[in-house]
Amino acid sequence: MTLFAATQNIIAQENTANPDKYTAHNKGKLYIFWGGNRESFSKSDIHFKGDNYNFTLHNVAASDKPKGWQIDYINPARMTIPQTNLRIGYFINDHYNISIGFDHMKYVMNQNQIVNITGEINDGTPFDGIYNNDPITLTEEFLTFEHTDGLNYVNTEFSRVDDISKWFNISNTDKFQLNITEGIGGGFLYPKTNAMLLGKERHDDFNVAGYGVSAKIGLNFTFFKHFFIQTELKGGYIDMNNIKTTHSSSDSASQHFYFLQRIIAFGGIFKV
């Protein structure tokens, strides 16, 4: 009994001398981050249909629309102008968290590129005709097509986080901690599509257009327990089968493509 009591006393003294750091456990913590991104998109076939036309543009290229580092990222009246990411998550245990997020990407069809077209146009325009994989130049008179306010991916993610500070001989993780994170997610696309097709009136409205799935890997740099910088590579697949292109309910477009985001975000993490 004496030996047992002495052992318990030594353990208690060690625990007092080396208490768990705040960063040692994540269960029950809530985090939020806000940041910016750059994007790349694969080429895609875009199918347009309406009362007087039904055609597909093949292997259409598109780019993002970066604004660079600027005050708009923190200006509430202009936050939708840059390409941004917002995410709020909760740790269900020390390693796993569930989050909801809003990835505000921008997709701009490259103007004046030459692509092939298949289908028929009979809408009283200079572009009327029957096409069989023929080349066409995507001039502004024929088509402008953007998801610039934006290509909005509203999604839920399930992620894992692991502390890798010891790999770099970092002992006091309450001052600085290095984590690696991986996750998978899925959600719906709510783009505001800015389009002008075959000389019709410009259209620019929000619409639930389809779904997306994604996966990510990233590094998290936590400072002074509660603040962090997180960098991520996030890729995925987007399928939009209900894109609105004009003010007529008969007109629509569809496309699917892959995307890659490079994200840097700033956030905070707190026990709740």
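Mentor: Accessible areas here come from the Shrake-Rupley method with a 1.4 Å probe, and in this predicted model the protein chain exposes about 14000 Å², of which carbon and sulfur atoms supply 59%. The chain has 272 residues, 43% of them counted as buried, and its secondary structure comes to one helix and 15 strands. Among contacts between residues at least 6 apart in sequence, 70% join residues at least 24 apart.

The part I would pick out is strand β2, residues 44-50, which runs antiparallel to strand β3, residues 53-60, and is joined to it by six bridges. Two residues lie between these strands, and together they form a hairpin, in which Phe-48 stands opposite Phe-55 of β3. Strand β2 also pairs with strand β15, residues 252-271, in the antiparallel sense over three bridges, and there Lys-49 stands opposite Ser-252.

Most residues other than glycine have a negative phi, and most peptide bonds are trans. Phe-224, in the loop between β13 and β14, has a positive phi near 50°, and its 56% relative accessibility is over the 50% cut-off, so Phe-224 counts as exposed. Finally, a cis peptide bond with omega about -5° joins Asp-149 and Gly-150, and Gly-150 lies in strand β9, residues 143-163.

Key. Residues numbered from 1 in each chain as written. Predicted model: local features only at pLDDT ≥ 70, side-chain atom pairs only at ≥ 80, totals over all residues. Heavy atoms only, no water. Helix = DSSP H or I, 4+ residues; strand = E, 2+ residues; numbered from the N terminus. Buried < 20%, exposed > 50% of the residue type's maximum accessible area, 1.4 Å probe, protein only. Contact = heavy atoms within 4.5 Å. Pairing = 2+ DSSP bridges.
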